[in-house]
Every structure is written in C-alpha cells, then in structure tokens.
Amino acid sequence: MTRGADLSSTLLQAAELRKLGDLTAALELLQPLVEQAPSNPRARISLAQTFIDAGQVDDARVQLEHVVETHPTNNRAALLLADSLVEDDPERATSIYHAILERSDAPAAAIGLAQLAQAQNQPGRAIVWLTEAVRRDPVDSRLQLRLAKALTSADRNTEAVERLTHMDDAALSLSERTTVGRLLIRAGEPAKGDPYIQDVLRTDPTEDVAIRLSAASGLDLHKLGLITAEALAERGRAAVQSGSPHETLTAGVRALARAGREGEAAEAAANALAIRYTSELARSAARVALRDSNPKRIRSIIEVAEKNEDHATASYIAGLLASQSERWNEALEHWSRYHTLTDDWQGRLERGHALTRLKRWDAAEREYRAVERATDTTKGVIGRIQLLSTRLESEGAADLATKALEASEHDSNLTQVAVGALCEASRFDEASSIIDRSSSLFNEHSIATLRAGYHRRRYEYDRAFELAMSVVDADSAGNELKRNALQLAAHTAIRMQPTQSVLERVLDAAMTTRPITVDVIELQAELLVALERFDEAKEVITGIHPQYRQRSTALRLRAWEAAQSGQHAEAQRLGARWLTRVYKPQVHAKIHGLNPMDSLNEVDPDEVVVLASVRDEALRIPDFVRHHRQLGVDRFIIVDNGSTDGTRDHLTGDDIILLHTSDDYVTAGLGMRWMNEIVARLATGTWCIFLDADEQLVFPGCETHCVQELTAYLDDFGYDACAGFMLDMHAATFEEQRSVREGDRLLDVCPWFTNDYRFQPLIESPYTTVRGGVREAQLGIKYREQTKSPFVKAGSGVQFLSSSHETTPARIADLSTVLLHFKFLGDSLERAAIEAGWTPFSYYSNRVRDHQQSIGASDNFSYMSDSAVRFRDSQQLIELGLMSSGEFMSGKDVLKK
C-alpha cells in the first residue's frame, strides 16, 4: 500500500472514531500522522476538527492557522478557523468569511456570516446573508428552511410563507416536512402548515414532533373556525395517549382544554405529572384548573411542583391562584419570588399586572417596559395600553395601541386590546377599520364578540346583545369564547333594561354553560337580581366558593346581599373592601387644588348643604340657587372649574361658599372626586345634596315641607342616603327652549316631561336604575343612566361613584326624590359640542349634538308625544309612580315655609 493510501486509511479510521465519540483514540491516531506529514492539510484539518469536538479550540486554531498560512486557498480550513473565531475575534472571522466569498461560489461562508450576525443580535443582517447563501445554492432545502426560520423569528411572516409555499415538496425529507409545517404554523398560517403535519403523521403515526404540532396547529385552526371543537379534542387525545415526551403531552392538554374538555385535560395532566414532572406540564395543568375555577386542584399542582423542588413554577402558579381571587399583594409576592428565581420576563409581566391592580402605576409601567426590552412579544406594550386605560388616559391608550399595531398587525391579542382602547377614546371609525382588516386573525365567533363589544361602547345595545348571544348559542364556539360572549351579553342586557324573556334567555345560557366558573356564577346572581328573583340570587351569592369571595364582583354581590338583609354595616365594610380592588377616580384620583377649603369650617352640622361643580352655567345657576333657597337649603358649596361666562357673578351671598380648582374635570371622576373630598371635610351628621346646575330637587310634599324636615326624617329612621332620578324637562317646541334667558324660571320655559320611564333593580347602590323619558321617546338617545342619589350624610362612609348615579353601599331611604333636569335649553347645541371633547362621554354627547342640530334645522320641532305630561307638583309625581313618599308624610303636621 502506498503512503497516500495509508494516510487516507488513517483519516477514515479517525473519522469513524469521532462519530463513535472516542475522541481520545482519534487524537492518538492523528497527532503522529501530522508529525509524519506536517505539510498535509487533510491531516491537520482532521486533527483540528477532533480538537474542536473535544472542546480544545486553541489547539485546533494552531493547526488551522498553519494550513491557512501554507495553503491560503483552502476553504475548508479557512471556514473552520472563522467559525472558531466568531465569539473571540468576530472582526477577523468576518474578514475570513468575506475572503472565502470572493474566491468561492459555495454558500458556507455566507452561512457563517449569518451565524455571526445572529450572535451579534442583528437578525436583519443574518437574513441578508442567508438569502445570499440560498442564492448560491437554491436547491438546498435545508438552507431554504434556515432562511424561513430566520424570517419567522424576525416577524417577517409574509416573506417566510412565500418561500415555504414555493418549496419542492417532493424533495423534502420527513423531518423537513415537519419543519415546514412548524414554520408555517409559527408564521400564522396554520391552515397551510397543518397539511404537512398530517402528511407526516400518515407516514409515521408515532412521530413525536408531528403529534405535538398536530395538537398545536389544531388550536389555531379551531380559533380560525377551520376545525370543530371535537376535531381539536381528537388531536388532543392523540397527543396525550401517544406516550410521547411531555412537550407533546402539554400540547395535548392545551388542545383538550381549548376544545372545552377541561375534565379530560385535567385528568391527562394529572396522570402525566404522576409519571414524570416538568414545569411546562405543571403550568398547563394549572391553567386548566384555573379555567375550571378549581382552587383545590391548583393547590395540589403547587404541592407537586414543590415536591419536585421546582420552586419557581410553584411560585408562578401560586401567583395565578392568588390573582384569580384578586389577592394582589399575595400574587405580587409570589411573582416577585418567581422573577428572582428565574429572571424570566414572564415574571416581570405578571408583576406589572399585580402592580396595576394595586394602583402602583409607575412601578407597573417600569415592569411592562422591561418586558418590551426583554422579548419580541407584544405583551409588554399590551400591559402599558391597559394601564393607560385603567388610569382613564383614553387618548394615550388609543395612540399607543395604534402605534403598536402598525408594527405587529398580525397579533390577535394586540388587535383586541387596540379595538377596545380606540372605542374607549370614541375613535370608532378607526376601531371598525381594524376589525374589518383583521378578519383573518379570528374565526367568525371571535369577530362577532369583537363587534359586540364595539357596538356596546357605541350604546348600540340591541346590536351588541344579538351578536354576543349568537356566539353563546353557537355549538362550534369554544367554551372560553362562549363565556366571554356570555358576560358581554349579560351586562349589555342588564344595561338595556330588556324584557323579562330576554333576561331569562341569558340566565338560561348562564345556567347551562360548562364548566360553571366563578365568573359565570357571579353573572347568574346579577341576572337573578335584575329579574327580581332575590331569594335565588342570595342563594347563589352565598354559594360562591370561599376562595373567590374576595373578588371585586363577589364583594359587590355580597354587599348587595348584606344590604338587602338589613346588615348595612357589613354592606359598607364589603363596599370599602371592594374599593381596594378597583380604581375609581371619584375616590382615588389625586387632586391638586381645591381652595379655599378652610371656608368649610363655617358649615354647622345641623345645616343642609347643596354641593355642585360648575363651569359656564350662567343660564341655569340663578334659578338653581333661587329654587333651592325656597326649599330651605342652608348653604351652597360650589366648585367653579374655570367659568368665563359670568357664572361666578350669580354666586354671591352669605349662604354661598365658592371654591376654585384648575384640576381636570374628567380625571377627577367628572368632578366627583371634589365632592367626596368636601363631604369628607364636613362635620359628621351634615346632610349634603349633590346636584348638577341643570337639576332642581323635588321631594314629597316639598311645596309645604322644608328640606330640614326631610333630613330630620332621614335621621330619625337611620338612613344615610336618599335616591332619586333625573326627570328630563322640555318645552313643547325647540324654538321655545331657545328663548330662555339668564334669570328666567326654567320650569316656566320647560314645563313638560315625557312619562315613559322604566325601573329595574341593580346590585349597585341605590339598587335601582331608571331609564326613558323624552331623550328616548323623541330623540332616540337610549340607555343613559338617569338614577341618582343626591342625598348623602357626612360621616356615614357613603361616597359618590359614577357621578351620583351610584354610591358605595348605603342605607337608602324608603322615600325617593326627583331631579327636574333642564338639559335641553337654548345653549344645548353649544354645550353638547363642548362635552363631545370629554372622552368618557364624547360619543353620547356627539349624539345629543347631532340630534339637536337636526332638530334645529327643522321647522319648529315638537318634543310632544302621547306620553307628554305638564308638571304640576310633587303629589302628581307620586300619583304617576315616579316618586315615593315612604312614611315621610304620614301623620306629620304641614309646616309652611
């Protein structure tokens, strides 16, 4: 045998030893060979490769440097040397790769430059070099897949899909077909990727990766409405029964849960955890239990994690359990521990959620921004959008959502959040446009739910309700989506004051939804209250699992139940607890200036005080003050928020305390933060009547009884609040309303009201809602809340929420009041235009303005209808059932004012 043949034989033997992993034996063969043939590049390259495999990179470089120096065109040695220098000397590695590219058409150097760019976190440059590699060898399917993977990782999904769908399927191996399917699914094209996965499974039904991807792609196909829940469940069953690694089992558990087979999913997860524990499987099992509102099962999973010394996962799941119960301090503690143990961005994201709910907003924003820096997901920016919405910074949330969506238009979660943010800012055209162009991201049921939310925010409750119920009634809709649609339908139905049959339709759906989660139980109770089936509602509330009795909705329900049972102290305690769970600007907003507050010291606790916040109310304020002086009001405390029309000129006299503020009206909870602050500063026992400047109080017998008699009655019976509602007053025609002037008696100009009101019980104090009147009958402006609680006793703990339409739990008097509401006066067009700039009511105010403009354009528009009644006195309102007198007038001597 020749010397050359001996060399080749030895190199082949060394290569076989390397394959077997016997690197020591390979080195023992190659090192003498190099000494015998020091100028042979093949021997040195083989020795260098063995050194690299053994982790002896410096020794490998010595051999490679020698080859490159003596054989400068040897591309194999140059590539190995450049590859070894990528981390330690990237500049020299780059130079070597470029030199190889200049003298060779092979793609290897381009691949090396792509790897170098990826190591330097330059995905764009990596794609450039991988594209160059594919150009040099367009038939190499592995290169095509590598480029597609890089494009997908960079969210350049359209380009990735274009390349993948033009590959030669016949030339792909089984594993490459799996890779194509996985990348198409990852690129948001499960309908295109799934056939590849199914083809692999037909060839090899036991292929682990394909089984897992079949379940994973099924999730997306189900979301898009391309396979049924049962088909998805079959894929999940195949995955959990395959005996495959736990990554496959986890995908199967997720598929079963999303298909609405929570019981199967929970059993599969429990069985798998009993065989071998993994953190991924433990998390999936916990999420199934959370979806099923099963705290016992969640705690058992935490115990399994702790037993396996996976303290990080145990902390993470414990945080989820605490968050579902809205124990946010506890959740924050668990997620902080998780973040400390893992330094994972998921921990920071969850911390951000907890901090938001705890109203620690600056800290929450820092966490969300950290998530944005740490990952390419949109979860961090979604957190920031939701944080701005919580703070009522609607325009900021909408702007951020729009900007984020421009960069990630194929993200379904971001799309949903963006639509909500735009609707909150009354940017409905933009929201509708996003829904229209995002249809490919959702199935028909998801789109219907998204549109239902859109219509609900536009006060188009009928349309919102029918869309939501179409999802609830659809057999092909997933359980989670059904529950979301059910919540939307129920809350919409309650707000639109429907017929009993409509409420019962939603209640039937809530009773039959599976699984019955805590959210659904809470809905059942609220619907039963609306149907006046109070005993059943109390039974449902009492049956809420102890784990969930501190949730915000559960606390509201329990407060209602306590108030109905006469346990008013308990109702107030639960209401105060509820306020720690939510953000209410009327209570929590910071106020910077409300002066001079010292003047409140002048108020005697025996006085009856009217509170109001005003801005440019010169047309209404003279009659407002005159009317309430006639009722016997002792003092007016008026907050002026920057009037420029002479309003302050009418607020003079010893009985008027005029305060000033430059705080934003909207941010201050439509001024109610000021009112709550004033009530808190007044002496205990002072009766406060909150009114808007366009409202005038009427109470039973007010023509012959003074307001002090009414408050004495409230004191005698231990009440701490008195409810009422706004009775919209109008003239016969639009032109008559425009004739009003400063100082006019408003009731002379607008003496009519439309007697078409509906009353319905609610869980919020004052436990009744009222809607109707001329705004619905003649103007078509529906579903605006008209209930109010104008009377509140200082020191009772009762606070105004949502203007005075709602208060914290209170002992409500057995009598009621009416507020004559003079909204539609001569300046109503101008005021509606101003109010249209107030984000919370801009859509509603625009509708008022539009209706008023159409009225003004007609010839003497008439507000009159068959239900129109001319106001006479308080007794008339009692006779019509619009006001109740309780025991107030029984046996009392008439006291002339």
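In which kind of crossing does α25 pass α26? The crossing is left-handed, a label used when the near helix is turned anticlockwise from the far one by less than a right angle. Before going further, please note that this is a predicted model, in which local features need pLDDT of at least 70, side-chain atom pairs count only at pLDDT 80 or more, and totals for chains, interfaces and linings use all residues. Residues are numbered from 1 along each chain as its sequence is written, and side-chain values use heavy atoms, leaving out hydrogens and water.

Let's stay with this pair. Helix α25 spans residues 412-424 and helix α26 residues 428-437; they pack at an angle of about 160°, with axes 8 Å apart. That angle makes α25 roughly antiparallel to α26, the term for angles over 145 degrees. From α25, Thr-415, Val-419, Leu-422 and Cys-423 make the contact with Phe-428, Glu-430, Ala-431, Ile-434 and Ile-435 of α26, where contact means heavy atoms within 4.5 Å. By class, 7 of these residues are nonpolar, 1 is polar and 1 is charged.

Now look at another pair, α13 (residues 208-223) and α14 (residues 229-240), which pack at about 160° with their axes 9 Å apart. Therefore α13 is roughly antiparallel to α14. Their crossing is left-handed. On the α13 side, Ile-211, Ser-214, Ala-215, Ser-217, Gly-218, Leu-219, Leu-221 and His-222 take part, meeting Ala-229, Leu-232, Arg-235, Ala-238 and Ala-239 in α14. The residues of this contact divide into 8 nonpolar, 4 polar and 1 charged.

Technical notes
Axes fitted to C-alpha atoms, helices over the stretch in contact; angles between N-to-C directions. Helix = DSSP H or I, 4+ residues; strand = E, 2+ residues; numbered from the N terminus. Parallel < 35°, antiparallel > 145°, perpendicular 65-115°, else oblique. Nonpolar A, V, L, I, M, F, W, Y, C, P; charged D, E, K, R; others polar.
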